[in-house]
Amino acid sequence: MSGPTATANASEDGAIELGPRAVTYPYRRIERPVATPSDGPDPYGNPSPEWLSVDWSKHQRWIEVDGAPVNYVEIGAGAPVVFIHGLGGCWQTWLENLPHFAAAGRRAIAMDLPGFGHSPMPEWEITMPAYARLVERFCEALSLQSATIVGNSMGGFVAAEVALDEPRWIDRLVLVSAAGISHATMRREPVLAGARMLAAFNPIALHMSTRGLRRPGIRQLSFSGVFRHPQRIRRELLYEFSASAIGTDGFVPAIASLTGYDFLDRLPSIAAPTLLIWGRDDLVVPASDAVGYSDRIPGCELQIFAETGHVPMAERPMRFNRVVSEFLGDELPT
């Protein structure tokens with residue numbers, strides 16, 4: 001799998017010429033990278049998800065790490081894959097993926113970071129390095145001798161931070177629409193102000209999203225910022241995404257931690273084989289940030305999914321699962 005490169009042409013006055021639907025930033029404009037052609041079936045959504053037939057209560061676990069109770073699910077047996085959700089997410093972010101990797105002979109583990117999902121707030125301050133230490137000690141507590149780490153959005157930020165600590169047990173790293181590039185230069189104050197407004201608005205937003213799942217207009221309004229085509233995603237999955245949203249206690253502290261946190265000059269030290277997966281139409285973390293990672297992480301692979309938003313693992317689960325399985329060297333289940 002080879003990744004595309006971003007292209008942009010500078011005009012005579014130094015501005016960068018835009019391609020169609022380019023991403024705009026203050027003082028600079030960056031064109032989105034071209035999409036990577038799919039090497040197999042690539043439907044949007046999943047009309048017959050396997051996760052609906054799984055009794056997840058049988059796979060739920062609790063463990064205490066650094067004084068913080070952590071809720072997680074575990075399914076399958078074999079070489080472990082640890083999934084880390086994004087800001088406002090929870091372990092259910094990976095519902096379309098966990099059964100696949102269990103069937104592929106993997107021990108699939110998805111956690112709720114402290115302050116999100118069912119994991120309560122920790123006694124310590126939420127920061128990206130603190131979350132990275134939590135993930136490392138979580139894996140130690142589960143006696144994982146080696147593991148692949150997969151992170152989406154803020155979870156990708158955390159996963160990259162784990163890899164920067166160079167733990168020997170990381171086999172491979174998968175960053176999915178990962179935060180960390182454009183966030184490094186953001187001003188914290190205006191971002192925090194917006195985050196607090198979102199958190200205050202959350203009860204209304206949650207009511208709209210859950211009550212409006214059967215109403216196309218509200219469904220589009222509630223989820224179009226995350227999903228490219230929310231009308232083509234099953235309502236059950238949209239509900240799981242909205243049930244643990246921006247109203248969690250960890251939401252504002254996590255935003256405060258990741259905004260302005262700059263680890264860009266450290267990224268070239270990541271030694272684990274790395275795969276980057278991005279939605280070309282991501283409105284949360286722009287696809288141009290994928291190039292920021294690929295330019296810094298030596299030898300990484302890059303996949304840009306066309307007509308895909310911020311959560312490729314849920315929007316195009318068939319392709320996502322296939323691409324990651326190929327990266328891990330797994331035999332694809334029939």
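A residue is called buried here when its relative accessible area is under 20%, exposed when that area is over 50%, and partly exposed in between, using a 1.4 Å probe and protein chains only. With that in hand, E74 is buried, at a relative accessible area of 15%.

Welcome to the structure. This is a predicted model, in which local features need pLDDT of at least 70 and side-chain atom pairs count only at pLDDT 80 or more, while totals for chains, interfaces and linings use all residues. Residues are numbered from 1 along each chain as its sequence is written, and side-chain values use heavy atoms, with hydrogens and water left out.

## The whole protein

The protein contains 10 helices and 12 strands. These elements are DSSP runs numbered from the N terminus: helices are H or I with at least four residues, and strands are E with at least two. Of its 334 residues, 54% count as buried. Taking a contact as heavy atoms within 4.5 Å, residues 24 or more positions apart account for 74% of the contacts with a separation of 6 or more.

## The sheet

Strands of a sheet pair through backbone hydrogen bonds, either parallel or antiparallel. Two strands count as paired if DSSP finds at least two bridges between them. In this protein, 8 strands form an open sheet with mixed pairing, in the order 5-6-8-7-9-10-11-12. Strand 5 and strand 12 (301–305) stand at the edges with a single partner strand each, so one side of each has no neighbour in the sheet. On average, neighbouring strands of this sheet are turned by 20 degrees against each other, direction ignored.

Because 7 of its 8 residues are buried, strand 6 is largely enclosed by the rest of the structure. Strand 6 pairs with strand 5 (residues 60–65) in the antiparallel sense over 6 bridges, and R61 has Y72 in strand 6 as its bridge partner. The hairpin of these two strands has 2 residues between them, and there D66 takes a positive phi near 55 degrees. Strand 6 also runs antiparallel to strand 8 (residues 106–111), joined to it by 4 bridges; here E74 has I109 as its bridge partner.

Further along the sheet, strand 10 (residues 170–176) and strand 11 (residues 274–279) pair in the parallel sense over 4 bridges, and V174 stands opposite L275 in strand 11.

Two helices can be followed against these strands. Helix 3 (residues 154–164) packs on the sheet and touches strand 7, strand 9 and strand 10, its direction making about 150 degrees with that of strand 10. Helix 2 lies across strand 5, strand 6, strand 7 (79–84), strand 8 and strand 9 (147–152), running at about 115 degrees to strand 5. For these angles, axes are lines fitted to C-alpha atoms, for helices over the stretch in contact, and values run from 0 to 180 degrees between N-to-C directions.

## Salt bridges

A salt bridge is a side-chain nitrogen of Lys or Arg within 4 Å of a carboxyl oxygen of Asp or Glu. By this rule the count comes to 11 salt bridges, including those in the table.

| Pair | Closest N and O atoms |
|---|---|
| R322 and D39 | 3.3 Å |
| R137 and D66 | 2.7 Å |
| E74 and R107 | 2.7 Å |

The E74 and R107 pair links strand 6 with strand 8, 33 residues apart. Salt bridges that share partners also join R32, R228, D281 and E307 into one network.

In the pair of R137 and D66, R137 lies in helix 2 (residues 128–141) and D66 in the loop between strand 5 and strand 6, so the pair ties together parts that are 71 residues apart in sequence. R137 is partly exposed at 37%.

For R322 and D39, how do the two residues compare with the cut-offs? R322 counts as buried at 10% relative accessibility, while D39 counts as exposed at 52%.

## Around R316

R316 lies in the loop between helix 9 (312–315) and helix 10 (317–328). At 7% relative accessibility, R316 counts as buried. Leaving out residues up to four places away in sequence, R316 touches D42, P43, Y44, F305, A306, E307 and T308.
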